[in-house]
Amino acid sequence: MNRNDPVYNISGIRNAFFSEIVFGVSANTILLLSHVVTFFQELRHKPINITIGVLALSHIVMLLAMAAMATDILGSQEFWDDYTCKSVISLYRLMRGVSICATCHLSVLQVILLSPRSSCLAKVKPNSLWHNLCCFLSLWAFHMSINVFSNSIVATHNVTSHILILVTKSCSLWVVSDIMRHLLSILAAFRDASLVGLMVLSSIYMVTVLCRHKRQCQYLHNTSISRKASPEQRAIRNILLLVSFFLVTYCLDSIASSWRVMWNNDPTHRCVQMFVSSGYATFSPLVFISTEQRIINCLKTTQGQQ
C-alpha cells in the first residue's frame with residue numbers, strides 16, 4: 001500500500017491511537033486496583049492514595065470515552081444520535097475535569113502535608129476523608145463552572161456550517177455566537193491558568209523543600225548523603241514529575257487545538273489531537289507504578305508464573 005495513501009495514514013493513526021488507549025487503560029487499572037486493595041487493608045487512609053485512585057479511575061473512563069469518539073471519527077458507519085453525542089462527550093469533559101483537578105489537588109495536598117506545624121497551611125491539613133473530599137470537590141466545581149455555559153452538543157450527519165465545530169464525525173459543538181465563543185474561551189483560559197498556576201506554585205515550594213533538605217543532610221553528615229531517598233522525598237519527586245508531565249502535555253494539546261482552525265476540522269487531524277491529549281492519561285500512572293514496590297513485586301510474581 002502506498003504510504004501517501006490517505007487510507008494508509010488513517011490506518012496507522014488508528015493503530016497507534018488504540019494501542020495507546022489499551023496501554024493507558026491497562027496501566028491505570030493496575031494502579032487503581034493497587035490502591036483499592038490498600039484502601040481496604042489500611043486502618044488509616046492517606047489522602048494522597050485516595051486522590052491517586054480517583055485520578056486513575058478518571059483516566060480509565062476518559063480513555064474509554066476517547067476510544068468511542070475515535071471510533072466515530074475514523075471508522076464508524078453508524079451515526080450517533082443527540083443522546084449518544086451528549087453522553088459520550090459530556091462524560092469525556094467530566095473525566096477530563098476530574099483529571100486536571102485531581103492533579104492540582106495532589107500537588108496542593110503534598111504542599112499542605114509538608115508544611116510545618118507553625119505554618120498557616122497546617123490549619124487546613126485534611127484530618128479526615130471528608131475534608132479531603134471537600135477540598136477536591138471545591139477545585140472540581142470551580143473547573144466545571146465554565147462548562148455550564150459551554151456550547152451545546154448536537155448530532156450532525158454530513159452537515160457543514162460556520163456555527164458548528166466538529167468533535168467527531170457525528171457530533172459537533174453548536175456555537176451560539178462569536179461573542180459567546182470568545183467569552184467562553186477567555187473564561188476557560190482563566191480557569192486553566194488558575195489551576196496550572198496552583199500546580200506551578202506548589203512545585204516551586206516542593207523544590208524549595210527538597211533543596212533545604214539536601215542542605216541539611218550535607219550539614220549533618222558532612223556531605224555524606226544517603227543514596228536512599230525517604231518516602232517524603234519520593235512522594236515529592238513523584239508529584240513534581242507528574243505535574244511537569246501534565247504541563248508538557250497540556251501545552252502540546254493547546255497547540256494542537258489552536259491548529260484545528262487551520263486544519264478545517266479534518267477528522268484525521270482531530271484524532272491526532274486526541275492522540276496527543278491522551279498522553280497524560282496514558283503514561284501518568286507509570287510515575288506511581290515505577291515507585292510502588294508492592295506493584296512491582298506483584299507484576300514480577302505474575303510474570304514468573306507464566
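This is a predicted model: local features need pLDDT of at least 70, side-chain atom pairs count only at pLDDT 80 or more; totals for chains, interfaces and linings use all residues.
## Starting at Val 108

Which residues does Val 108 touch once its neighbours within four places in sequence are left aside? They are Leu 198 and Ser 202. Another residue to look for is Cys 135, which lies 27 residues away from Val 108 along the chain. The C-alpha atoms of Val 108 and Cys 135 are 9.9 Å apart.

## How α3 meets α4

Two packed helices are described by the angle between their axes and the distance between the axes. Here, helix α3 covers residues 82-114 and helix α4 covers residues 129-144. Their axes come within 9 Å and cross at roughly 130°. The two helices are therefore oblique to each other, and α3 passes α4 in a right-handed crossing.

On the α3 side, the residues that meet α4 include Arg 93, Leu 94, Cys 101, His 105 and Leu 109. Among their partners in α4 are Asn 132, Cys 135, Phe 136, Trp 140 and Met 144. Sorted by class, this contact has 12 nonpolar, four polar and one charged residues.

## How confident is the model?

Across the protein chain, pLDDT averages 76, and 68% of the residues score at least 70. Where is confidence highest, and where is it lowest? Helix α8 (residues 279-283) is highest at 91, while strand β2 (residues 164-166) is lowest, with a mean of 58.

Terms used: Residues are numbered from 1 along each chain as its sequence is written. Side-chain values use heavy atoms; hydrogens and water are left out. pLDDT is the predictor's confidence in each residue, from 0 to 100. Helices (H or I, at least four residues) and strands (E, at least two) are DSSP runs, numbered from the N terminus. Axes are lines fitted to C-alpha atoms, for helices over the stretch in contact, and angles run from 0 to 180 degrees between N-to-C directions. Angles under 35 degrees count as roughly parallel, over 145 as roughly antiparallel, 65 to 115 as roughly perpendicular and the rest as oblique. A crossing is left-handed if the near helix is turned anticlockwise from the far one by less than a right angle, and right-handed if clockwise. Contact means heavy atoms within 4.5 Å. Ala, Val, Leu, Ile, Met, Phe, Trp, Tyr, Cys and Pro count as nonpolar, Asp, Glu, Lys and Arg as charged, and the others, Gly among them, as polar.
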